[in-house]
Structure formats: C-alpha cells, structure tokens
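Me: I would like to learn how to read a few features of a model. Can we take them one by one?

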Amino acid sequence: MNNNPDISIGSREMNNYPVPFNSPFELGIRMVFILMSVYPRTLDLQQLLFLDYAAIYSSDLDGPESLHTPVPLRGAEYTTRRTIIEQGLYMMSVRRFIDVKFCNSGIEYQAGENAAAMMGIIGGTYSLKLKERCRWVAEKLADKSAIELQKMFTHVGHRWGVEFVSPSDFSEE
C-alpha cells in the first residue's frame, strides 16, 4: 500500500510532481523554437496553434517524419491546446524568451532577446529534430494567415475523418 499522499494511484492527481508532457513549459519551449524559425516575423495565437501541430505532426502535412508518434485522434490536440499554449507563451514572455506585441490586429508574438540563448542550451536529438521541423514549418506555412491555415487544416482534416471536427461544427443552425 502506498502511504505517500503526493503520489497518484489510479485517477488521483500527482500533487507535487510536474506534468512532463503537453505542459505549459513544454509548449512554451516549442513556441520559442517556432518563433525563432520565423524571426523577425510575428505570429498570432491562432497561427501558433496551427504551426505547433504542423511541427510535431509534419508528416500529416506531407512534410518530414513526424516528431511525435501519430496517435489516433491527434487532430483533437489542436483544439485542446489553446489554453496550454497561452500559459506557455506567458511563461516564456516573463523570461524574455518571447516578446508580446500589441498590434491593431490583436496580440502577436515574436522571439525575444533571450530566445537564442535558451535554444542554445537545450540539447539532444529531440531539440535538433524540433529545429528541423520548425525550419520546415517556417518555409512551408509561416507566410499563411490564420484563415489560410484553418482552410488548409480543414481540407487535410477530411483525410483523417472526424479527427479534426470540433463539437461546434455540429451546432444547430
């Protein structure tokens, strides 16, 4: 029997342990990589959502081998990450890895003054592959608006069936 209240058994939370995958920290770091790949351009949150998906599931978009395992229903990840990405952007902005720009069109993000230094200290195979995927994303998709990306992802989503359909798509007219 486990007498440690900080460790989870079954469906209880792990109170004192960080969540390593899809955390604001992980997604914040990916945002820095994406923004560095398009620097000095700025991107809005919607563009970052699409480009993050494209960077990790690049083969879904006829790009290089996907960085993450293409799990079933992965299209739902795009619709569920918005809040986590916002948290990650905030986390990276307070450390000057990302700059927040307030424009007439809304809020946009740009790689900050400490972004290159942060990328320089993160090593390993995953980091190298992420840089490659972000370069591919920058070349193929970064010049597209959020509306163009939405159309593209909707079109590609038809190949995956209902994976890319959100509940709002079924609302009554």
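**Helix, core and loop**

Me: How far apart should the end C-alpha atoms of helix 6 be?

Reply: This is a predicted model. Count 1.5 Å a residue: the 16 residues of helix 6 (residues 125-140) should span 22 Å. The end C-alpha atoms are 23 Å apart, which agrees.

Me: Which residues of helix 6 are buried?

Reply: An α-helix has 3.6 residues a turn, so residues three or four places apart point the same way. In helix 6 the buried residues are S127, L130, R133, C134, W136 and V137. Their cover includes helix 1 (24-38) and helix 2 (45-56).

Me: Which residues touch the most other members of the largest nonpolar core?

Reply: In soluble globular proteins, nonpolar side chains tend to be buried together. Here the largest nonpolar core has 39 residues, and V32, L48, L89 and I98 touch the most other members. At least two residues each come from helix 1, helix 2, helix 4 (82-93), strand 2 (106-111), helix 5 (115-121), helix 6 and helix 7 (146-157). Helix 2 gives the most, with 9 residues.

Me: What is L48 in contact with, beyond its neighbours within four places in sequence?

Reply: L48 contacts M31, I34, L35, L43, L89 and Y109.

Me: Now a loop residue. Is S66 buried or exposed?

Reply: Buried means under 20% relative accessible area. S66 has 11% relative accessibility, so S66 counts as buried. S66 lies in the loop between helix 2 and helix 3 (75-80).

Me: What does the side chain of S66 make a polar contact with?

Reply: The side chain of S59, at 2.7 Å. Setting aside residues up to four places away in sequence, S66 touches I56, Y57, S58, S59 and D60.

Methods
Residues are numbered from 1 along each chain as its sequence is written. This is a predicted model: local features need pLDDT of at least 70, side-chain atom pairs count only at pLDDT 80 or more; totals for chains, interfaces and linings use all residues. Side-chain values use heavy atoms; hydrogens and water are left out. Helices (H or I, at least four residues) and strands (E, at least two) are DSSP runs, numbered from the N terminus. The expected span of a helix is 1.5 Å times one less than its number of residues. Buried means under 20% relative accessible area, exposed over 50%, partly exposed in between (1.4 Å probe, protein chains only). Contact means heavy atoms within 4.5 Å. A nonpolar core is a set of buried Ala, Val, Leu, Ile, Met, Phe, Trp, Tyr and Cys residues joined through side-chain atoms within 4.5 Å. A polar contact is a pair of N or O atoms within 3.5 Å; within protein, one must be able to donate a hydrogen and the other to accept it, and residues adjacent in sequence count only if both atoms are side-chain atoms.
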